[in-house]
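Student: I would like to go through the pockets and cores of this model. Please tie each label to its criterion.

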Amino acid sequence: LAIASHVAGDVSSFVYLMNEKAQLLGMNNTVFVNPSGLEENDGSANTSTVYDMAILTKYAMKNEHYRRIVSTEDIIVKSSLKTYKWFNKNKLLSSYEYCTGGKTGFTKKARRTLVTTATKDEMSLIVVTFNDGNDFDDHKKLYEKYFSNYEVMKVLKKGDKYGSSTYLGSDFN
């Protein structure tokens, strides 16, 4: 019992930090109740919007370990007792050449959820859908639409003067 309450305390502390980070990132319509994303036995669940999940994904994609995990199609892990093979359920990783990662999900309330990222010609996009039974096709169509209708343009170059005394430390696209 002492171990269970210690773990529960650690989980609630972690959830507190998750909500704190969400606020710092500007995820104003998100409330986390657990780290799993699944509904609790009492019916409570994390709540969010597609916009907030895009903010979170943009932040997460800055992390090298996260990028490696969400872009891995499959992996084999061997222990001394057993060999495990896991497959990423994000079908776009194998069917859409510009897909760089993503996360699938399903809950009774949100139904099918999908967050994906793609990069083409230096343009990186994020698509998020909730309750979309045709999510993989819809993501691909949205990527194709925006990759063909927009292009990356250099607005200011590193070292360009901005205002009377400010200099950019990096390019601004």
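Student: Which residues line the second largest pocket?

Tutor: First, a caution: this is a predicted model. The lining consists of Thr 57, Lys 58, Met 61, Thr 100, Thr 117, Thr 119, Ser 124, Leu 125 and Ile 126. Two or more of the lining residues come from each of α2, β4 and β5 (123–130). β5 gives the most, with 3 residues.

Student: What makes a residue such as Thr 57 part of that lining?

Tutor: The criterion is an atom within 4 Å of a pocket point. Thr 57 is listed in the lining, so an atom of Thr 57 lies within 4 Å of such a point.

Student: How do the lining residues of the second largest pocket divide?

Tutor: There are 3 nonpolar, 5 polar and 1 charged. Lys counts as charged, so Lys 58 is the charged one.

Student: What is the volume of each pocket?

Tutor: The largest pocket has about 1,500 Å³.

Student: What lines the largest pocket, and which residues lie nearest its centre?

Tutor: It is lined by 47 residues, with Ser 36, Gly 37, Met 53, Lys 103 and Thr 104 nearest the centre. The elements giving two or more residues include α1 (2–25), α2 (50–60) and β4 (111–120). β3 supplies the largest share, 6 residues. The lining divides into 23 nonpolar, 15 polar and 9 charged.

Student: Why is Asn 90 called buried?

Tutor: The cut-off for buried is under 20% relative accessible area. Asn 90 has 2% relative accessibility, so Asn 90 counts as buried. Asn 90 sits in the loop between β2 and α4 (92–95).

Student: How do you know that Asn 90 makes a polar contact with Gly 101?

Tutor: The limit is 3.5 Å. The Asn 90 side chain reaches the backbone oxygen of Gly 101 at 3.4 Å, so the pair is within the limit. Asn 90 also touches Cys 99, Gly 102, Thr 104, Thr 116 and Phe 136, among residues beyond four places away in sequence.

Student: What makes up the largest nonpolar core?

Tutor: The core has 11 residues, including Leu 92, Tyr 96, Cys 99, Phe 136 and Phe 147. α4, β4, β5 and α5 (135–149) each supply at least two. α5 gives the largest share, 3 residues.

Student: What does Phe 147 touch, leaving out residues up to four places away in sequence?

Tutor: Phe 147 touches Tyr 96, Tyr 98, Ala 118, Thr 119, Lys 120, Met 123 and Leu 125.

Notes
Residues numbered from 1 in each chain as written. Predicted model: local features only at pLDDT ≥ 70, side-chain atom pairs only at ≥ 80, totals over all residues. Heavy atoms only, no water. 1 Å grid on protein atoms, 1.4 Å probe; cavity = no way out; pocket = protein on both sides within 12 Å on 5 of 7 lines; lining within 4 Å. Points joined across faces, edges and corners; volume = space filled by probe spheres on them. Helix = DSSP H or I, 4+ residues; strand = E, 2+ residues; numbered from the N terminus. Buried < 20%, exposed > 50% of the residue type's maximum accessible area, 1.4 Å probe, protein only. Polar contact = N/O pair within 3.5 Å; in protein donor to acceptor, adjacent residues only side chain to side chain. Contact = heavy atoms within 4.5 Å. Core = buried A, V, L, I, M, F, W, Y, C linked by side-chain atoms within 4.5 Å.
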